[in-house]
Amino acid sequence: MERSLKGMSIGAKSLESDDNVDFADRKDVAYVCADGHKTIIPLAAEADAPAQWECRCGKIAYNEEDSDAKKDFDGKPVRTHWDMLLERRSEEELKKLLEKRLQMHREGWFPDYE
């Protein structure tokens, strides 16, 4: 025997009303990434907007109105941790270091973390 709830559907409507409710003032802040994607985030009017926001493509988007962020954004690629590591060591050095650390781990120099 199949049962169903009579009346209104669950979660579809709220029984609360907006009477006598004062909504907080809002502002829309636009962020743009290097690929030209524009993301608009609604924030409280008194909130400080961050200089950066993660774009839907995964890149860093900068606040459209922030002139300091635009200086970093104008054609200059963002340096990743990998880029900075490669400035200090070659890939060959990194491979040797990794192999050395793995060997130390196999020999019991480091406790197993499980």
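Is Lys38 buried, partly exposed or exposed, judged by its relative accessibility? At 47% relative accessibility, Lys38 counts as partly exposed, where buried means under 20% relative accessible area, exposed means over 50%, and partly exposed lies in between (1.4 Å probe, protein chains only). The model in which this residue sits is a predicted one, so local features need a pLDDT of at least 70 and side-chain atom pairs count only at pLDDT 80 or more, while totals for chains, interfaces and linings use all residues. Residues are numbered from 1 along each chain as its sequence is written, and side-chain values use heavy atoms, with hydrogens and water left out.

The secondary structure of the chain comes to three helices and four strands, where helices (H or I, at least four residues) and strands (E, at least two) are DSSP runs, numbered from the N terminus. Read along the sequence, these elements follow the pattern β-β-β-β-α-α-α. Buried residues make up 13% of the 114 residues in the chain. Among contacts between residues at least 6 apart in sequence, 22% join residues at least 24 apart, a contact being heavy atoms within 4.5 Å.

The four strands form an open sheet in the order β2-β1-β4-β3, with antiparallel pairing; two strands are said to pair if DSSP finds at least two bridges between them. Because β2 (38-44) and β3 (52-54) stand at the edges, each with a single partner strand, one side of each is left without a neighbour in the sheet. Neighbouring strands of this sheet are turned by 40° against each other on average, direction ignored, as judged from axes that are lines fitted to C-alpha atoms (for helices over the stretch in contact), with angles running from 0 to 180 degrees between N-to-C directions.

The pairings can now be followed one at a time. Strands β1 and β2 pair in the antiparallel sense over seven bridges, and in one of these Ala30 has Ile40 in β2 as its bridge partner. The two strands form a hairpin with five residues between them, and Gly36 in the turn has a positive phi of about 90°. Strand β1 (residues 26-32) also pairs with strand β4 (residues 60-63), again in the antiparallel sense, over two bridges. Here Val32 stands opposite Tyr62 in β4, and the bridge partner of Tyr31 is Asn63.

Asn63 deserves a separate look. This residue has its place in strand β4 and, at 10% relative accessibility, counts as buried. Not counting residues up to four places away in sequence, Asn63 touches Val29, Ala30, Tyr31, Ala49, Pro50 and Ala51.

Charged residues give another way to read the model. Side chains of opposite charge can pair when their charged atoms come close. A search of the whole structure finds three salt bridges, each being a side-chain nitrogen of Lys or Arg within 4 Å of a carboxyl oxygen of Asp or Glu. Asp35 forms a salt bridge with Lys59, the closest N and O atoms being 2.9 Å apart. This pair links distant parts of the chain, since Asp35 lies in the loop between β1 and β2 and Lys59 in the loop between β3 and β4, 24 residues apart. Lys38, the residue of the opening question, meets Glu64 in a salt bridge (3.4 Å, N to O). That pair too links distant parts of the chain, with Glu64 in the loop between β4 and α1 (67-73) and Lys38 in strand β2, 26 residues apart. Glu64 counts as partly exposed at 31% relative accessibility. The side chains of Glu99 and Arg106 also meet in a salt bridge (3.4 Å, N to O); Glu99 is partly exposed, with a relative accessible area of 42%, whereas Arg106, at 54%, counts as exposed.

The helices complete the tour. Arg79 is found in the loop between α1 and α2 (81-88), and touches Met84 and Glu87, not counting residues up to four places away in sequence. The 16 residues of helix α3 (residues 91-106) should span 22 Å at 1.5 Å a residue, and this agrees with its end C-alpha atoms, which are 22 Å apart; the expected span is 1.5 Å times one less than the number of residues. Just after α3, Gly108 takes a positive phi of about 90°.
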